[in-house]
Each structure stands twice: as structure tokens, then as C-alpha cells.
Number of protein chains: 2
Amino acid sequence: MDLPELNYRHVVNGEKLVIAIAQDYKTEEVLMVAYMNRDAFEKTIETGKAHYWSTSRNQLWFKGESSGHVQEVKEIFTDCDQDALLLKVKQVGAACHQGYYSCFYREIQNNGQKLEIVKEKVFAPEKVYGE
Amino acid sequence: MDLPELNYRHVVNGEKLVIAIAQDYKTEEVLMVAYMNRDAFEKTIETGKAHYWSTSRNQLWFKGESSGHVQEVKEIFTDCDQDALLLKVKQVGAACHQGYYSCFYREIQNNGQKLEIVKEKVFAPEKVYGE
């Protein structure tokens, strides 16, 4: 597949990666950040659904494969040095495996003294992923 | 300084880092993504202005130090596994050294076949950074 050349300069366990940010295409809420290797980028373009590279499992990660919480990709942008992607997505269910719509559900408050949950849970993780 | 413990799991040239995304606090436009080490995070909290770790120069990077295009930090969020931060900022000038308000000024179009500039330049880089 003839893809734009990205700068896969982020290396984790020998895998060459770009940073990929997912943002809700309507509300503009930032949902999560992960990595993609070239294969994940290609699969994302091919299928229209976000694929990442899991640096913990060292394998291709089709987001929502087990939970059904897939991300339908509406637009993809790249940054000035082409080592990062911004995906505008329609999020099915929720992005975060902890049950929140966005992974960024905690705010650092009081000059760094306090970590506060500022979002509502939208699903119970144990019902989606098992106990 | 007593900061929340983040997971500085992204290692570049031996430096332990978290990913840091900057987002316009009003329009929610994603401006850029970079890294922070613990020192950059602490300086960001202390000063209220975004500091990153430059992985190309291997040094602390006070965003806007030379250009004046600083980021006043309004809110900071952290994600589920605490290896990434989301900063909601008031961007002075523009975030991108290429002259665009956001670094994500190019869209990947036509199933990955085309890379198109979709934003307007807001300043001339050579006037800010020199030729």
C-alpha cells in the first residue's frame, strides 16, 4: 500500500512507531494516545477503524476487538515532523478500559497536589472485560 | 515538589518521559504532542507555562522561550495508565514552528494517497526564528 512516509522515530522494544492521538470528531474531546507502527497505520487506512501497536503486548492492537468499542476513523492529520498522527474518530462505547469515555478522566489539581476524577463512568469494566 | 507519580515509561536516549498533548483550552483544537520528563512536568506546574523535554536536543524545552509563543496552562489531565498528560492551554502566537496554529496542519486524504495542507499559516517562521 502506498502510504505517506511517516517518521517512525519512537522505538519501543525495537518496534518503530509514531504517536497516535484519538479525538472525538464531534466534541473534540481527546480520548486516548497510543502508538502505531507502519502495519497499524496501514490497517487503519484500509479498514477505517483505528489499529494501534500495543507496546505492552508487542502486537498489533485492533482497538475494540474484544470490547466492541471500536473507533471509526473520520479524518487523519499528521504533524510538522511527521512522527505523530491525530485521528478524528467516532467512538463506539467508550475509549478507556476503565469505563470512561476518555482515558483522560483525572485532573491534576492544586498545583500538582491533588489527582481528582472529573469524569463520569459510562460503563462497568467488569461487565465488558470480565472480572 | 510533591507531584503525582506518573509512569515515565517512554525512554528516549536514556531519559524517562511521559507523552504530553497540548490542546487549545477554548476551541479544543489539538496543537502539538511532545514529551516531558519529571523536571519538565515540575517546571510546568511551578510556572504555569508548558515545559517539555526536547528529545532532539536532549534538554529541557521551555516552549516559546525564543519565539514568545508560550503556552499558558489552564488545566492538566492524566490518563488511565498515567504515562501521558493532556494540557489545556492558552496558546500565545502559534504552536507550530512552521507558522501554523497547530502542528497538525496536514490531512492524510484519499485512503492515504494524498497529504494536503488544510490550515492557514498565521505567521512567517523566518520572521520569528530568522532565515
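Modeller: Happy to. In this predicted model, the side chains of Arg9(A) and Asp83(A) come together in a salt bridge, with 2.6 Å from N to O. This pair ties distant parts of the chain to each other: Arg9(A) lies in the segment before S1 of chain A and Asp83(A) in the loop between S6 and S7 of chain A, 74 residues apart. The two partners differ in their surroundings. Arg9(A) has 34% relative accessibility and so counts as partly exposed, whereas Asp83(A) is buried, with a relative accessible area of 5%.

Glu28(B) and Lys88(B) meet through their side chains at 3.0 Å, N to O. That pair, too, links distant parts of its chain, with Glu28(B) in the loop between strand S2 (15-24) and strand S3 (30-36) of chain B and Lys88(B) in strand S7 (residues 84-91) of chain B, 60 residues apart. Here both Glu28(B) and Lys88(B) are buried. The other pair is local: Glu42(B) forms a salt bridge with Arg38(B), and their closest N and O atoms are 3.0 Å apart. Because Glu42(B) and Arg38(B) are 4 residues apart in helix H1 (residues 38-47) of chain B, about one helical turn separates them. Glu42(B) is buried at a relative accessible area of 18%, while Arg38(B) is partly exposed at 32%.

S1(A) and S2(A) run antiparallel and are joined by 3 bridges, and Val12(A) has Glu15(A) as its bridge partner in S2(A). The hairpin they make has 2 residues between the strands, and Asn13(A) takes a positive phi near 50° there. Leaving aside residues up to four places away in sequence, Asn13(A) touches Thr55(A) and Asn58(A). The side chain of Asn13(A) makes a polar contact with that of Asn58(A) at 3.3 Å, and the C-alpha atoms of these two residues, 45 residues apart along the chain, are separated by 7.9 Å.

S2(A) itself is largely enclosed by the rest of the structure, since 8 of its 10 residues are buried. On to its other pairings: 6 bridges join S2(A) to S3(A) in an antiparallel arrangement, with Val18(A) standing opposite Met36(A) in S3(A). This hairpin has 5 residues between its strands, and Glu28(A) in the turn has a positive phi of about 70°. S2(A) also pairs with S7(A) through 6 bridges, here running parallel, and Ala20(A) has Leu85(A) as its bridge partner in S7(A). As for S3(A), 7 of its 7 residues are buried.

Next comes the helix. In H1(A), the buried residues are Ala40(A), Phe41(A), Glu42(A), Thr44(A) and Ile45(A). The buried residues of H1(A) pack against S3, strand S4 (51-54), strand S5 (59-62), S6 and S7 of chain A, together with strand S8 (106-109) of chain B. After H1(A) comes Gly48(A), with a positive phi near 75°.

That packing against chain B brings us to the interface. There, 42 residues of chain A are in contact with 42 residues of chain B. Chain A and chain B bury about 3600 Å² between them, with 61% of it on carbon and sulfur atoms. Cys80(A), Phe104(A) and Ile108(A) supply 18% of the area that chain A buries against chain B, more than any other three residues. Across this interface the rule finds 0 salt bridges, but it does find 19 residue pairs in polar contact. S6(A) gives the largest share of the side of chain A that touches chain B, with 4 residues. By class, that side has 23 nonpolar, 11 polar and 8 charged residues.

Strand pairing crosses between the chains as well: S8(A) and strand S6 (residues 71-78) of chain B run antiparallel and are joined by 2 bridges. Within that pairing, Glu107(A) has Phe77(B) as its bridge partner in S6(B).

Technical notes. Residues numbered from 1 in each chain as written. Chains lettered and ligands numbered in written order. Predicted model: local features only at pLDDT ≥ 70, side-chain atom pairs only at ≥ 80, totals over all residues. Heavy atoms only, no water. Contact = heavy atoms within 4.5 Å. Buried area = accessible area lost by both parts, 1.4 Å probe. Salt bridge = Lys/Arg side-chain N within 4 Å of Asp/Glu carboxyl O. Polar contact = N/O pair within 3.5 Å; in protein donor to acceptor, adjacent residues only side chain to side chain. Nonpolar A, V, L, I, M, F, W, Y, C, P; charged D, E, K, R; others polar. Pairing = 2+ DSSP bridges. Buried < 20%, exposed > 50% of the residue type's maximum accessible area, 1.4 Å probe, protein only.
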